[in-house]
Amino acid sequence: MPRERLRLGGNARLLVLTGAGVSAESGIPTFRAAGGLWESHPIEKVASPEGFREDPERVWRFYSERRRKARACEPNPGHRALVAAEERLQHRFLLATQNVDGLHRRAGSRRLVEIHGNLFQSRCAHCDRAPFDDERTYEGEALPLCDACEAAGRMGLLRPHIVWFGELLDPAHLQRIDAFMQGNERLVFLAVGTSGSVYPAAGFVSAARRMGAETWLVNAEPPDNVGLFEHFVEGPSGQVLPELLPLG
Ligand code: BJW
């Protein structure tokens with residue numbers, strides 16, 4: 001349990017980066033733990049453009065299962081503590097999440113950047129049609145096709161709107177995070193429930209430090225990059241965040 005509280009008085013700004021750990025207490029498995037998602041599903045087969053080209057049906061089975069499970073989960077006190085912090089800090093708050101499960105948005109977070117995409121959106125793998133909301137599951141049936149391509153006499157497969165390994169993150173998302181870091185007022189960077197092993201998100205703590213930020217990590221256990229943070233609070237984020245983040 002934290003003995004400390006984040007001090008965010010004056011004009012201090014708070015940039016939060018969350019990872020799979022923040023949703024663990026909602027019942028969503030993390031990636032790299034024993035029993036995590038990557039143990040039962042080879043990453044390169046289900047979360048890469050090559051894997052999708054090789055076997056789109058397998059990829060859609062994987063994401064259909066994830067859609068079904070995430071839909072049945074609810075935000076936890078960790079998600080809600082971040083909503084309360086946003087309500088208090090307003091434009092002095094930004095939440096960048098690596099999670100695609102939509103739980104931050106369902107909890108009420110609005111100053112939110114979903115840097116790895118959204119499980120409940122799809123897009124065309126062939127044309128540049130914008131991503132659209134899609135809660136459907138595609139299993140044991142014909143693969144989903146893009147209407148826009150069909151209308152143009154082509155065949156385009158739909159894919160989940162997820163950033164897979166080797167794919168670029170949306171530059172507008174990175175720009176928004178970068179612009180937030182650039183402000184003049186005191187900056188606090190807080191990472192929650194992330195192993196810090198996937199870039200570019202893993203680089204945010206160093207970028208924040210270069211901007212003079214105070215850096216905090218809340219995690220169930222010390223990850224490999226724990227030494228990059230000035231403050232580490234060990235524990236489940238659903239319990240730690242409501243105590244760590246000041247209200248009102
Ligand atoms: C709790 C808890 C509780 C549990 N409370 N805590 C620089 C160096 C080396 C490589 C690269 C580099 N730059 C780019 C790369 C390549 C690559 C990369 O980073 N590779 C690394 C493996 C080294 N990055 C990319 O390809 C990115 N694209 C890119 O940079 O393009 C340009 C480029 C390409 C190629 C080369 C160079 C440049 C795209 C990355 C996309 C990642 N996508 C995934 C899959 C999404 C699919 C999906 O969800 O279906 O996103 S990977 C997966 O990992 C997922 C997650 O968002 C991401 C991060 O994982 P996270 O959230 O940290 O989860 P875990 O499981 O690792 O950790 C959970 C933590 O929580 C643990 O520590 C627990 O202890 C803790 N915990 N319960 C608090 N209750």
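Analyst: Arg 68 counts as partly exposed at 36% relative accessibility, where buried means under 20% relative accessible area, exposed over 50%, and partly exposed in between (1.4 Å probe, protein chains only). Its salt-bridge partner is Glu 139, with the closest N and O atoms 2.9 Å apart; a salt bridge is taken as a side-chain nitrogen of Lys or Arg within 4 Å of a carboxyl oxygen of Asp or Glu. Glu 139 is likewise partly exposed, with a relative accessible area of 28%. This is a predicted model, in which local features need pLDDT of at least 70 and side-chain atom pairs count only at pLDDT 80 or more, while totals for chains, interfaces and linings use all residues. Residues are numbered from 1 along each chain as its sequence is written, and side-chain values use heavy atoms, with hydrogens and water left out.

A further pair is formed by Glu 167 and Arg 159, whose closest N and O atoms are 2.8 Å apart; here Arg 159 is buried at 6% relative accessibility, whereas Glu 167 is partly exposed at 21%.

The search of the whole structure finds twelve salt bridges, and one of them brings together the side chains of Arg 13 and Glu 185 at 3.4 Å, N to O. In that pair, Arg 13 counts as buried at 6% relative accessibility, while Glu 185 is partly exposed, with a relative accessible area of 36%.
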